[in-house]
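Take a moment with the sequence and the 3D view. Then read on for a short tour.

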Amino acid sequence: MTAATARAFPNIALVKYWGKRDEELILPVAGSLSLTLDILPTTTTVSLAPEAEADRFELNGREATGESLRRVAAFLDLVRSLAGSQTPAFVRSRNEAPTGAGLASSASGFAALATAAAAAYGLDLDARGLSRLARRGSGSASRSIVPGVAVWHAGDGDETSFAEAVAAPEMHMVIVTVDAGEKPVSSRVAMRRTALTSPFAEAWPRTTEESLAEMISACEAGDFTRIGRITETHALRMHALIQSADPPIRYLTPRSVAVFDAVAELRERGVEAYATADAGPNVVVLVQSADAEAVAARMEEFGRVQIAKPGPGVELLEGDA
Ligand code: PMV
């Protein structure tokens with residue numbers, strides 16, 4: 001095959017990934033767990049271009065340059081080294097989520113790119129192999145290979161650090177986009193700064209592994225309340241850690257905090273809703289399906305609201321992106 005198209009969906013972590021123990025291999029300091037969504041996918045076509053001088057990358061109809069082209073080309077270098085190829089490629093990508101706004105566009109992006117590039121360059125990878133490959137583009141992308149709830153194991157090394165499915169009860173997510181702009185500090189830079197400067201960084205890997213073990217047992221038990229509590233606590237711990245870097249980084253805005261407050265108020269009224277946020281100001285509310293519409297209606301004053309269900313894993317598609 002000389003061209004292949006893949007589609008992947010974003011995932012939102014319930015136990016967050018924050019920090020690498022190996023920057024080159026993208027091995028995390030702890031495992032994490034997420035829900036892959038059924039909205040805001042990235043669809044990517046990789047076409048081998050033997051005549052071209054260098055890789056090209058087009059995102060949402062615009063030719064990319066600078067850092068985003070560099071990251072895609074570096075990822076293609078990795079795929080080429082595995083495939084024994086030197087052929088450049090043309091990558092065309094359509095991303096339905098706002099890029100770089102903390103809505104996991106790098107997760108869907110690198111999961112789709114890994115899968116399309118592996119097929120185009122003729123690498124024969126199973127889901128575990130694709131998860132390991134996607135991880136090298138962006139850590140959280142390892143989880144977007146998997147449908148529904150996925151655990152990404154920290155692993156002992158490259159071979160054992162991959163994501164796989166976990167049985168879990170039915171959950172929905174209400175995505176509250178309070179600000180669709182690009183975040184000021186990338187998660188890559190922020191993770192490094194946190195690890196180097198926060199006095200709390202030392203406690204993070206152990207406490208995250210504890211939260212992960214509790215989360216997996218709550219998922220297996222189908223205990224939504226425990227899943228929700230761990231989700232909100234772990235998200236706020238991650239933001240506390242990030243804020244404790246020097247110089248500090250604060251992703252949550254007053255509006256994000258207002259959403260967390262509104263979610264706490266819903267709980268006081270007996271609605272089971274729990275908030276989380278990635279490296280950006282937007283907030284995602286975890287609910288059971290029966291509550292999704294009512295919670296979404298309550299969130300409308302804070303920004304654009306979308307309801308997501310558990311989504312599929314990455315898929316190869318016919319045709320172009
Ligand atoms: O995969 P990256 O490098 O974009 O890191 C994502 C980190 C968080 O979204 C903040 C947390 C997570 O587990 O997805």
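The report below goes from the whole chain to single residues.

## The model and its numbering

This is a predicted model: local features need pLDDT of at least 70, side-chain atom pairs count only at pLDDT 80 or more, and totals for chains, interfaces and linings use all residues. Residues are numbered from 1 along each chain as its sequence is written.

## The whole chain

The protein chain holds nine helices and 16 strands. Helices (H or I, at least four residues) and strands (E, at least two) are DSSP runs, numbered from the N terminus. The C-alpha atoms fill a box of roughly 65 × 40 × 35 Å, taken along the principal axes.

Of the 321 residues, 48% count as buried. A residue is buried if 20 or more other C-beta atoms lie within 10 Å of its own, exposed if 12 or fewer, and partly exposed in between; C-beta atoms are placed from the backbone.

Two residues are in contact if their C-beta atoms, placed from the backbone, lie within 7 Å. Among contacts between residues at least 6 apart in sequence, 75% join residues at least 24 apart.

## Two domains

The domain assignment gives domain 1 (3-168) and domain 2 (172-308). Such bounds come from an automatic or database domain assignment. The C-alpha centres of the two domains lie 23 Å apart.

Across the boundary, 28 residues of domain 1 are in contact with 35 residues of domain 2. On the domain 1 side, β2 (11-15), β5 (32-36) and β10 (149-152) each supply at least two residues. β2 gives the most, with four residues. By class, this side of domain 1 has 20 nonpolar, five polar and three charged residues. Here Ala, Val, Leu, Ile, Met, Phe, Trp, Tyr, Cys and Pro count as nonpolar, Asp, Glu, Lys and Arg as charged, and the others, Gly among them, as polar.

## The nonpolar core

In soluble globular proteins, nonpolar side chains tend to be buried together. A nonpolar core is a set of buried Ala, Val, Leu, Ile, Met, Phe, Trp, Tyr and Cys residues joined through C-beta atoms within 7 Å. The largest one here has 89 residues, and those with the most contacts inside it are Ala111, Ala114, Ala117, Met173 and Val285. α2 gives the most to this core, with 11 residues.

Look at Val285. Leaving aside neighbours within four places in sequence, its contacts include Met173, Val176, Val263, Tyr274 and Met299.

## Around the ligand

Which residues are closest to the ligand? Of the 13 residues that surround it, the closest are Ala13, Tyr17, Ser138, Ser140 and Asp278. A residue is near a molecule if its C-beta atom, placed from the backbone, lies within 6 Å of it. The shell divides into four nonpolar, six polar and three charged residues.

α2 (105-120) and α5 (187-197) each supply at least two residues of this shell. Domain 1 and domain 2 both give residues to the shell, so the ligand lies between them.

## Residues to look up

Most residues other than glycine have a negative phi, and most peptide bonds are trans. Some places here differ. Ile26 has a phi near 50 degrees, a positive value. Ile26 is found in the loop between β3 (20-22) and β4, and counts as buried with 23 C-beta neighbours inside 10 Å. Leu40 has a phi near 60 degrees, also positive. Leu40 sits in the loop between β5 and β6 (42-48). The peptide bond from Asp246 to Pro247 is cis, with omega near -5 degrees. Pro247 lies in the loop between α7 (224-243) and α8.

Val29 lies in the loop between β4 (27-28) and β5. Is Val29 buried or partly exposed? With 19 C-beta neighbours inside 10 Å, Val29 counts as partly exposed. Beyond its neighbours within four places in sequence, Val29 is in contact with Gly19, Lys20, Arg21, Trp204 and Pro205.
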